[in-house]
Amino acid sequence: MLERLEQLDRDATAALEAVDNPDGLEAFRIKYLGTKGQFKAAMTWLKDASKEERPQLGQGLNQLKNRLQTEFDQKKASLGSAKPRAAGPMLDVTEPPLPPQMGRRHVITQVIDELIEVFGRMGFDVAEGPELEDERHNFVDLNIPPEHPARDPLDNFYLDDTHLLRTQTSTVQIRVMEQTQPPIRVIAPGRVYRPDTHDATHSSMFHQLEGLYVDEQVSMVDLKTALFQFARAYFGEKAEIRLRPSYFPFTEPSAELDIKMQLKGEWQWVELGGCGMVDPNVFQAVGYDPEQWTGFAFGMGIERIAMARYGIGDIRWLYENDVRFLRQF
Ligand code: DAH
């Protein structure tokens, strides 16, 4: 029994000596002096001790406990007083605040908002459509026949035989015309999906801005004017547009749209999308009389616009959500 007392003495004394911070001191108190501590446990030794040992053991435990309590109190006073002085006041009310970490809209969202604003000034409303589409809205009503290469299952994310993730925002043209009568003036920004291999200029998800204008006697001049006004408003007073003859199933005639804009200090032509006069077959599909109604449509890549405008060299940076990149916009 007396060996156990000596052992406790050695352990506790060494433990207290090793303490060098308030947390350690508190741990010591709990382990040895607390209500569930070792001294409390040592009281049961008395019960098991022989008659001769008992008084000596009791006295020894008491002395040890008192000594440790005194040393503990001293240590507490020295640790307690030394620390705050070294660390200074807990709260320095004179310290300037850290700048608040503000969130911001993603650069693509910022571009979309600006596009909505620019076209809004020309009288275009915003329309939306679902990203999960059926073949009718994505192809059939847009005059894209079953044998057209764009309908190849390998070039589309099909979910079942007739549903797919939309490959173009042109679907929203159909959705709007199904629900409204002309005159129509809408833009539709949104996500589109194509199974492209990711590289600096390709992503399997990206954004397009669709435009649709339907009224009586709409002409190619109206299309060029709208695109020109947009180019000047968005890319600056020296921007130019260029339409190159092309083919899309849903427009006739069709054109590729290039905009001359300042890229890294130099004025350059950048291909932004397609456009044209709405094909009479599309009007027929939505129940409009092609003899009465005419219209133009356009579709632009929003990433293209953002990358050209801000000199972004890799489309993947837009989706990696690295704040060092995103903070620049
Ligand atoms: N939907 C076409 C594409 O994704 C772009 C496009 C071309 C949209 C001509 C149009 C248009 O509205 O008239 O490549």
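**Helix pairs and cores: a quick tour**

Okay, let's start with helix α5 (residues 107-121) and helix α8 (residues 220-235), which pack at an angle of about 130° with their axes 10 Å apart. Axes here are lines fitted to C-alpha atoms, for helices over the stretch in contact, and angles run from 0 to 180 degrees between N-to-C directions. The helices are DSSP runs (H or I, at least four residues; strands are E, at least two), numbered from the N terminus.

Remember, this is a predicted model: local features need pLDDT of at least 70, side-chain atom pairs count only at pLDDT 80 or more, and totals for chains, interfaces and linings use all residues. Residues are numbered from 1 along each chain as its sequence is written, and side-chain values use heavy atoms, with hydrogens and water left out.

So α5 and α8 are oblique to each other (under 35 degrees is roughly parallel, over 145 roughly antiparallel, 65 to 115 roughly perpendicular, the rest oblique). On α5, the contact (heavy atoms within 4.5 Å) involves Val111, Glu114, Leu115, Val118, Phe119 and Arg121, and on α8 we have Phe230, Ala233 and Tyr234.

Phe230 turns up again in the largest nonpolar core, which has 44 residues; Phe230, Phe235, Ile259, Phe296, Phe298, Met300 and Ile305 touch the most other members. A core means buried Ala, Val, Leu, Ile, Met, Phe, Trp, Tyr and Cys joined through side-chain atoms within 4.5 Å, with buried being under 20% relative accessible area (1.4 Å probe, protein chains only). Apart from that core lies another, of 22 residues, including Leu164 and Val172.

Last pair: the axes of α1 (residues 2-18) and α3 (residues 38-48) come within 11 Å and cross at roughly 175°, so α1 and α3 are roughly antiparallel.

How values were computed. Buried means under 20% relative accessible area, exposed over 50%, partly exposed in between (1.4 Å probe, protein chains only).
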